[in-house]
Amino acid sequence: MTQSLRFAVAGARGRMGQAVLKVLNERGFEVALAFDKGDVIDLSGADVVIDFTTPYASIDIAHACADEGEKRGKALAHIIGSTGWMPAEEQSLKTLTDRVTIVRAGNFSLGVNMLMGLVKQAAAKLPAEDWDIEVLEAHHKRKVDAPSGTALMLGQAAAIGREVDLGEAKVAARDGLTGQRVDGTIGFSVIRGGGIIGEHSVLFASEDEIITLSHSARDRTLFARGAIEAALWAVGKPAGAYDMQDVLGFTA
C-alpha cells in the first residue's frame with residue numbers, strides 16, 4: 001500500500017526539497033509532482049504533499065490540498081516543515097484543518113522530538129528560581145528566520161514543563177545594557193554562519209552547575225526521512241492538525 005502512494009514535493013528546487021526527492025527516489029516512491037515558486041499546483045495525481053517552503057506558500061498549498069480533497073471526497077495529507085510562522089499565518093492555516101490532514105513540525109528528526117521530551121521533564125523538575133533556561137541554536141547563513149522552528153519547539157517544551165506561557169517567558173534578543181536576568185525567563189541565542197545544518201542545545205544553569213541537552217544534525221536527509229515517515233502515517237487519517245509527537249506515538 002505505502003509504495004503505491006504518490007507524492008508531491010513543494011519547494012523542489014530548495015535544499016530540503018532536493019533532499020526529500022533524493023530519499024523518495026532511493027526508496028522507490030512515485031513522485032507525481034515536484035514544484036516550486038511560480039509553478040502551477042496540480043495535485044490531481046498526488047496522495048500527499050511534502051512542503052518545506054515558507055508559511056505564505058504553505059497556506060496556498062494547503063488551500064490547494066483542501067480543494068483537491070473536496071473533489072475526491074476525502075482529505076489530502078499535507079506535511080509542512082516551513083518555519084517562521086506569524087500569528088496571522090498560524091490562524092489562516094488553522095482554518096483549513098477541518099479539510100486537510102496537516103502534520104506540521106519545526107523539526108522532523110526523531111532525535112529532536114526525543115530531546116523535547118527530555119527538556120520538558122528537566123524543566124518540570126528544576127525550579128525556576130534556581131535554574132535558568134537558555135535555548136541555543138546555530139544554522140547556515142542562508143536561513144532567514146530566527147529563532148529556528150526547532151528552537152521554538154524546545155522553548156515551548158520547557159515552558160510546558162514549567163507550566164508557563166512561552167510568549168510571556170521568552171527573551172529572544174539581548175543587546176546593550178539589559179539589566180540582570182529575570183527568574184523564570186526562557187532565553188534564546190542564535191548563530192548564523194557557513195553551512196551549519198542544525199545545532200540545538202538547551203542549557204539549564206544554576207549558580208553551581210550546568211546541564212546541557214543537545215542535538216546535532218549531520219545530514220539534511222534525516223529531516224527528509226522524518227517527513228516521509230510523517231507522510232506515510234498521515235495518509236488516510238482524518239482531517240486535522242497533527243505534529244511529530246502524534247506521528248511517533250508520544251501523545252496520549
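Select leucine 96 and look at its neighbours: leaving aside residues up to four places away in sequence, it touches Ile59, Ala62, His63 and Ala66, where contact means heavy atoms within 4.5 Å. What you have open is a predicted model, in which local features need pLDDT of at least 70, side-chain atom pairs count only at pLDDT 80 or more, and totals for chains, interfaces and linings use all residues. Residues are numbered from 1 along each chain as its sequence is written, and side-chain values use heavy atoms, with hydrogens and water left out.

Stay on leucine 96 for a moment. Leucine 96 lies in the loop between H3 and strand E5 (101-104); helices (H or I, at least four residues) and strands (E, at least two) are DSSP runs, numbered from the N terminus. Is leucine 96 buried or exposed? Leucine 96 is buried, with a relative accessible area of 2%. Here buried means under 20% relative accessible area, exposed means over 50%, and partly exposed is in between (1.4 Å probe, protein chains only).

## Next: two pairs of helices

Two packed helices are described by the angle between their axes and the distance between the axes. Axes are lines fitted to C-alpha atoms, for helices over the stretch in contact, and angles run from 0 to 180 degrees between N-to-C directions.

Select helix H2 (residues 55-72) and helix H3 (residues 87-94). Their axes come within 10 Å and cross at roughly 10°. H2 and H3 are therefore roughly parallel to each other, since angles under 35 degrees count as roughly parallel, over 145 as roughly antiparallel, 65 to 115 as roughly perpendicular and the rest as oblique. To see the contact, show Pro55, Tyr56, Ile59 and Ala62 of H2 with Glu89, Ser92 and Leu93 of H3.

Now select helix H1 (residues 15-27) and helix H7 (residues 221-234). This pair packs at an angle of about 65°, with the axes 8 Å apart. Which residues of H1 meet H7? Among them are Met16, Ala19, Val20 and Leu24, and the H7 residues in the contact include Phe223, Ile228 and Leu232. The contact divides into 9 nonpolar, 1 polar and 5 charged residues. In that count Ala, Val, Leu, Ile, Met, Phe, Trp, Tyr, Cys and Pro are nonpolar, Asp, Glu, Lys and Arg are charged, and the others, Gly among them, are polar.

Lysine 37 sits in the loop between strand E2 (30-35) and strand E3 (48-51), and is exposed, with a relative accessible area of 76%.

Move on to serine 189 in strand E8 (residues 186-192). Serine 189 is partly exposed, at 27% relative accessible area. Beyond residues up to four places away in sequence, serine 189 touches Glu134, Val135, Leu136, Glu137 and Arg174.

Finish with two backbone details. Proline 147 is in the loop between strand E6 (132-139) and helix H5 (149-162), and the peptide bond from alanine 146 to proline 147 is cis, with omega near -10°. Glutamate 163, in the loop between H5 and helix H6 (166-169), has a positive phi of about 60° although it is not a glycine. Glutamate 163 is exposed, with a relative accessible area of 73%.
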